[in-house]
Amino acid sequence: MSLALLITLFGLRISLATPLTSLQENIIYEPTASLPVANATKSFWINTPGANILANEGSSGPLTEDADVCIIGSGMTGVSAAYHLAKALEGSETSSLHVKAVVLEAREFCSGATGRNGGHLTPYSFFNYREYERKYGTAEALKSLQLENRTAMAMVSITREYNLADVVDLVAGGHLTLISSEEEYKSLKAEYLAARRAGLNVGDVEWLSEEHVNSTYGASYSAVKFPAFNFWPLKFVTQLYLLANSSSPHFSLALHTHTPVISVTPLSSSRTWRVDTARGPVKCSYVLHATNGYASHLLPQFHGKPGIIPTRGQIVAIRADTAVNDSWRASWDGLDHYWFPRPVNGSDSDAELETENQDHPLILLGGGRKIGGPSFEQFETDDSVLNIALGKELRAFLPEMFPRMFKSVKDSEMEWTGIMGFTTMTDPFVGPVVEDLQSGVNTGLYDGQYIAAGYSGHGMPRAFSCAEAVASMILAAILDTPWSKPEWLPTRYLTTTRSERNQD
């Protein structure tokens, strides 16, 4: 399978021509994932003073003992699912209906991949279209890319509706992909033309010459630019949680941080599942696994190649040492890296430093996964450690790429790691938990358990919508009504009809 999808969460940014199998030749498939470690590296998004207002919410005092829905994980997927449940119940005509949900988080609020990523919200306009079309047909290929745009625009719409743009530092600067070779240019152009012929809206795509990129941005590469955003993911998820908790009289939501889930076992009572945590049990009827790279800790069938492979990525935050103009408001990727400049007047700004740093923004940079060795740091769940060689390579990248703007290699202001969840299809699992991932067999052993996970480093433009789909499944089960797949959801995402077993 050609991994043409350019992944930008932590940066497994692979050449369009790289076969996925080549990334796995040296991998020994390990057993289940661990729980998140307690002493993770400090992330800019999480550890900037005042950023994580829900960090320790519900970590002490009584534990919620009973709920209709138990959501494991407080990142983009888990909190989005709670939000979608709340909004779906907002106009409920059943006055007696009340759904109780609880979110359980092993560490601080939103301290997994969402709180440790690169801050990009980048729907890939046309990338990988031909591969999707060849494997899944035109309609499914179009949905694959349209879902990403749908997700990004829905998140932006919420941000604007509730006047949160400044709160979450939303920047609509577009995204530039630097093109490293003539071969890559031809491949990208073929993807673009095929997508356009199929009816995908690519009217906002711009092809930039090497001369233009060099004179405007300072890099000696051609590029393609398309609509995209960057933002503060944790702050968006925080606001989403607050909205979910106040949207409907028919929905109540509790949050318990520092409450790792140890096991999920069946009950023979009015509640069907017992969710055991380090602080005690929670009884519930429905369980949503929003645990991404850690999914196989509770669901061992998701281990190894057929399931979700935990993979560690690394980010540095470095200060530009020369002025960066407004054109740099875009997010970027290319040559196995991705980056974007933080707004100089962002919500983390220090008034005393604002003048000094006015034209010298903080650049968040990730990628360079080849430095991680032949395994690309797959089957790693420890985000308490840094790859020293990778950090050195990241700090050297921008001066080499933009020699006029980055004159020297400076120490990073912050550096951290985080755990992604990869799948061999690069697509997430969405839907009921099944017993066998390759056959899709579901005999009812896990009835009432659901999952949305495995975004393969490209979660921000997919997780919100995947959470909406799985929330609608849970609500249909609560109401005892049939569930219909949303038209916008790719069929192959579904755990029950996943296409991996049909690939050539």
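Trainee: Where is the place of Arg342?
Mentor: Arg342 sits in the loop between strand S14 (337-341) and helix H8 (351-354), where helices (H or I, at least four residues) and strands (E, at least two) are DSSP runs numbered from the N terminus. This is a predicted model, in which local features need pLDDT of at least 70, side-chain atom pairs count only at pLDDT 80 or more, and totals for chains, interfaces and linings use all residues. Residues are numbered from 1 along each chain as its sequence is written, and side-chain values use heavy atoms, with hydrogens and water left out.

Trainee: Is Arg342 buried or exposed?
Mentor: Arg342 is buried, with a relative accessible area of 3%; buried means under 20% relative accessible area, exposed over 50%, and partly exposed in between (1.4 Å probe, protein chains only).

Trainee: What does the side chain of Arg342 make a polar contact with?
Mentor: The partner is the side chain of Asp169, at 2.7 Å, and a polar contact is a pair of N or O atoms within 3.5 Å; within protein, one must be able to donate a hydrogen and the other to accept it, and residues adjacent in sequence count only if both atoms are side-chain atoms.

Trainee: And where does Asp169 lie?
Mentor: Asp169 is in the loop between helix H4 (138-161) and strand S4 (175-179), and Asp169 is also buried, with a relative accessible area of 6%.

Trainee: New topic: how many residues of strand S12 are buried?
Mentor: In strand S12 (residues 309-319), 10 of its 11 residues are buried.

Trainee: Which sense does S12 pair in with strand S16?
Mentor: S12 and S16 (residues 414-422) pair in the antiparallel sense over nine bridges, and two strands pair if DSSP finds at least two bridges between them.
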